Number of protein chains: 2
Amino acid sequence: MSTIVTKPLRADARRNREKVLAAASAAFAETGLDAQIDDIARRAGVGVGTVYRHFPTKEALVAALAEAHFERLADIVEGSAVAGEPWDALCAGIWRCAEMTAGDAALCEVIGGHPNAMQTAALGELRLEAATRRLIDGARAQGTIREDATVDDVRTIMCGFGHVAAAQRAGGLQDWRRYLTIALDGLRAR
Amino acid sequence: MSTIVTKPLRADARRNREKVLAAASAAFAETGLDAQIDDIARRAGVGVGTVYRHFPTKEALVAALAEAHFERLADIVEGSAVAGEPWDALCAGIWRCAEMTAGDAALCEVIGGHPNAMQTAALGELRLEAATRRLIDGARAQGTIREDATVDDVRTIMCGFGHVAAAQRAGGLQDWRRYLTIALDGLRAR
DNA sequence: GTCTAAGATGAAGGACGGTTCCGCTTCTTG
DNA sequence: CAAGAAGCGGAACCGTCCTTCATCTTAGAC
């Protein structure tokens, strides 16, 4: 584990970095992954160059936001694991993750784009996966989940969720709830 | 219903049209919706201008191929309706449609992009929907499908399917089968 | 065989959007 | 309060594609 020593940012730079992140978050949430850097810069009240000073690439900007989101999701799933039956905890965790994601077009797309392997195996995602696996194993031990269920199943379901949610955002629909209801019923033990 | 009288194409034009459709089908299947017109023209052994003579727009070309595909899907579902229990017929139809679609990147994307309303309410799609509705109603009458199931549910499931299949094509996975297994189990009556 | 309208061609046009870069501004340190 | 390093701005650059169009070719009618 290598520790990278970064000298602290100048005060204005730190401020701008936050403004960029906030603006990017808003723009991506509204417009999805193809929000434009120029627009993000404008919202942040900053030049494009400044955006690129903090994030070398559009992709890096997305990755930063995505990683922050995955941390939050991991917190949720780890948190829901503390109480109750594993199956209920799994469902509750998934529902809350979905709820937190559905409002953000870009995050829906990111989750939708993660069917099996994560491109950037970031910490939040690893925690999320580990917590999910624990709940699945627990539920299997109790026979409340289909006995062949795996983390990949949940990932696949969430991949579908992300896309359905993203596609429906365009039409103003909220039917991703219906999608999740059905998919989770399919995951439950018979 | 207006009948558009089109004078027959010149022999070479008809031939080129077929070549373009075949090349487009191949290119889209491999590369997905962002296959390039230039590439399609090259595969067809034809100039770009010729592609545009037959299809005013890339979108029109995609629409033509998609419509042909939906006709085939409608045939399948209507065909599977003739024999057996409605629920089994529905599943068989869906599986066969999925099988026919999964191999084609662009068609996966098209299906994935159709969560609720169809942009171009084409004939094939209407037939497909009608046939699906009949099977759902039949299954509901027998109590073999969840009693609140609708055509929209199937559309949503297939939307998710298209995306999962498209996303996995990139990674060489075939896990869309797993997705469908779970989703259809979720649709079945308990 | 001629003629003409339909068709073919592919280089150029144009829109779009990420990224670069250099002159200018501002923070921070001593 | 310098001085210099760090940061900023945004016009310009560049690559990517879809689409157009002026020019050339050819099928098919007479």
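## Helix 9 of chain B

The buried residues of helix 9 of chain B pack against helix 8 and helix 9 of chain A, and within chain B against helix 5 (86-102) and helix 8 (151-171). Helices here are DSSP runs of H or I with at least four residues, strands are runs of E with at least two, and both are numbered from the N terminus. Packing rests on contacts, meaning C-beta atoms, placed from the backbone, within 7 Å. A residue is buried if 20 or more other C-beta atoms lie within 10 Å of its own, exposed if 12 or fewer, and partly exposed in between.

This is a predicted model: local features need pLDDT of at least 70, side-chain atom pairs count only at pLDDT 80 or more, and totals for chains, interfaces and linings use all residues. Residues are numbered from 1 along each chain as its sequence is written, while chains are lettered from A and ligands numbered from 1 in the order in which they are written.

Helix 9 of chain B covers residues 176-187, and its 12 residues reach 16 Å from first C-alpha to last, close to the expected 16 Å. The expected span is 1.5 Å times one less than the number of residues. The buried residues of this helix are B:Trp176, B:Tyr179, B:Leu180, B:Ile182, B:Ala183, B:Gly186 and B:Leu187. They cover an arc of only 170° around the axis, so they lie on the same side of helix 9 of chain B. The arc is taken over the directions from the helix axis to the C-beta atoms.

## Chain A fold

Chain A has nine helices and zero strands. Its C-alpha trace spans about 55 × 45 × 25 Å along the principal axes. Of its 190 residues, 42% count as buried. Among contacts in chain A between residues at least 6 apart in sequence, 66% join residues at least 24 apart.

Helix 4 of chain A (residues 58-80) has 23 residues, which should span 33 Å at 1.5 Å a residue, and its end C-alpha atoms are 33 Å apart, which agrees. Its buried residues include A:Leu61, A:Leu65, A:His69, A:Phe70 and A:Ser80. The buried residues of helix 4 pack against helix 1, helix 5 (86-102), helix 6 (105-112) and helix 7 (123-142) of chain A.

## Chain interface and core

In the interface, 24 residues of chain A are in contact with 24 residues of chain B. On the chain A side, helix 8 (151-171) and helix 9 (176-187) each supply at least two residues, and helix 8 gives the most, with 10. That side has 11 nonpolar, nine polar and four charged residues. Ala, Val, Leu, Ile, Met, Phe, Trp, Tyr, Cys and Pro count as nonpolar, Asp, Glu, Lys and Arg as charged, and the others, Gly among them, as polar.

The largest nonpolar core has 109 residues, of which A:Ile40, A:Phe161, A:Ala183, B:Ile40 and B:Phe161 touch the most other members. Such a core is a set of buried Ala, Val, Leu, Ile, Met, Phe, Trp, Tyr and Cys residues joined through C-beta atoms within 7 Å. Leaving aside neighbours within four places in sequence, A:Phe161 is in contact with A:Ala98, A:Ile111, A:Trp176, A:Tyr179 and A:Leu180.

## DNA strands

Around DNA strand D there are 23 residues, and A:Asn16, A:Gly47, A:Gly49, A:Thr50 and B:Ala11 come nearest. A residue is near a strand if its C-beta atom, placed from the backbone, lies within 6 Å of it. Helix 3 of chain A gives the most to this surface, with four residues.

Around DNA strand C there are 22 residues, with A:Ala11, B:Asn16, B:Gly47, B:Gly49 and B:Thr50 coming nearest. Here the largest share, four residues, comes from helix 3 of chain B.

Conventions. Two residues are in contact if their C-beta atoms, placed from the backbone, lie within 7 Å.
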